[in-house]
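The sequence and the model come first, and the description follows.

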Amino acid sequence: MAKVSIIGAGDVGATIAYTLQLAGLVTEIVLVDLDQKRAKGHAMDMSHGLFFTPPVRISAGEYGDCEGSELIIITAGARQRPGESRRELTARNAKICREIATLIRPHIGKAKLLVITNPVDVMTYVILRESGLPPGRVFGSGTLLDSARFRYELSQRCEVDPRSVHAYVVGEHGESEVFLWSRVNIGGVPLETFCEGCPKKCLSEERPRIEEAVRRSAYHIIEAKGYTNFGVSLAVLRIAEAVLRGEGSVLTVSALMQGEYGVEDLCLSAPCVVGGGGIERIVEMPLSEEEKEALLRSAQIIRSSLESTFS
Ligand code: NAD
């Protein structure tokens with residue numbers, strides 16, 4: 001059982017902490033935030049629930065208190081404003097992420113760094129470079145949540161459990177993300193074959209609707225309640241399980257590409273084997289020509305955002 005630190009105890013950081021508390025996956029959670037009062041309030045509130053949950057020590061602390069963590073989760077930053085694209089957040093959050101990487105560096109030890117702050121692909125790269133850690137130890141939640149949303153939307157149309165749907169979104173966690181329709185299967189049956197046995201025959205009209213629903217879901221949720229927190233926290237729990245239990249799970253997370261999929265020196269999401277060492281392998285999935293081109297276009301969008309951040 002392990003210690004996890006969370007930098008940024010806003011709506012996302014606090015919900016991640018609460019999700020980890022309920023899951024009984026860790027022995028200690030440290031919350032670090034510029035707003036120490038807020039972090040202390042969350043730690044106290046969650047600690048009062050310890051009569052009802054598995055035991056875990058929850059505290060608010062400083063960067064030095066992160067020492068000994070297996071996983072450090074970075075959610076600090078400005079959040080997306082209604083109507084604001086993820087890319088517009090870049091300059092604001094890159095500055096915050098640079099500062100955090102500098103402050104956390106002396107206390108990282110053996111920890112892996114998991115980045116959530118948006119735009120997550122750019123922030124993962126910023127923290128990777130500023131921390132000086134090897135690529136496998138710094139990664140972002142990337143399109144894991146988008147892949148979950150894709151599975152959910154398919155499950156609703158196909159009337160099956162989302163856990164029986166295997167579907168991946170890769171590339172940017174943002175507008176240019178790529179839906180790997182050629183790889184979708186339900187219980188091992190390719191989607192088109194699954195659809196042949198269904199009277200609805202809705203695939204061609206539902207495809208664009210599904211993509212739109214997934215692509216726009218963060219905007220719809222933010223429009224409705226101001227922020228997103230539950231889905232992303234469950235995605236983070238899944239990544240934390242893979243790392244802390246050394247599961248070797250294949251998850252679409254944002255990792256440094258070093259030639260995989262024809263992409264060099266930037267972070268984007270692809271299926272990765274996630275285990276005790278962090279990113280243990282980037283899996284190169286066979287893609288259709290259309291998907292390959294869309295992935296390269298998505299990489300180009302991340303690259304131009306990175307270039308403006310580093311210029
Ligand atoms: P929030 O405003 O509620 O919380 C952000 C917290 O960061 C605040 O408590 C703030 O005090 C803290 N903070 C700011 N600068 C800091 C610094 N330098 N050091 C320490 N703490 C600092 O925002 P939120 O809703 O929790 O969202 C946090 C981030 O997560 C945003 O960038 C958001 O876009 C992102 N997010 C990502 C995903 C994803 O799938 N990757 C999903 C949801 C939200």
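Where does the ligand sit? The ligand sits in the largest pocket, a molecule being placed in a cavity or pocket if more than half of its atoms lie within 2 Å of its grid points. The model is a predicted one, in which local features need pLDDT of at least 70 and side-chain atom pairs count only at pLDDT 80 or more, while totals for chains, interfaces and linings use all residues. Residues are numbered from 1 along each chain as its sequence is written, and side-chain values use heavy atoms, with hydrogens and water left out.

**The ligand and its shell**

The ligand is surrounded by 27 residues, the closest being D11, V12, D33, R38 and R79, where a residue counts as near if one of its heavy atoms lies within 4 Å. By class, this shell holds twelve nonpolar, ten polar and five charged residues. Helices α1 (11-23) and α3 (90-104) each supply at least two residues of the shell, and α3 gives the most to it, with four residues.

| Residue | Protein atom | Ligand atom | Distance |
|---|---|---|---|
| D11 | polar backbone atom | oxygen | 3.0 Å |
| A78 | backbone N or O atom | oxygen | 3.2 Å |
| H173 | side-chain N or O atom | oxygen | 3.3 Å |

Taken alone, the ligand exposes 870 Å², of which the protein buries 89%; these accessible areas come from the Shrake-Rupley method with a 1.4 Å probe.

**The largest pocket**

On a 1 Å grid over the protein atoms alone, a pocket is an open set of points with protein on both sides within 12 Å along at least five of seven lines, and a lining residue has an atom within 4 Å of a point. The largest pocket has a volume of about 870 Å³. Of the 42 residues that line this pocket, T75, A76, G77, A78 and T117 are the closest to its centre. Two or more lining residues come from each of α1, α2 (36-47), α3, α5 and α8 (217-225), with α3 giving the most, five residues.

**The largest cavity**

A cavity is a set of grid points where a 1.4 Å probe fits but cannot get out, and there are two cavities of 30 Å³ or more. About 120 Å³ of space lies in the largest cavity. Among its 13 lining residues, R157, C158, C195, C202 and L203 are the closest to its centre. By class, the lining of the largest cavity has nine nonpolar, no polar and four charged residues.

Definitions and conventions: Polar contact = N/O pair within 3.5 Å; in protein donor to acceptor, adjacent residues only side chain to side chain. Nonpolar A, V, L, I, M, F, W, Y, C, P; charged D, E, K, R; others polar. Points joined across faces, edges and corners; volume = space filled by probe spheres on them.
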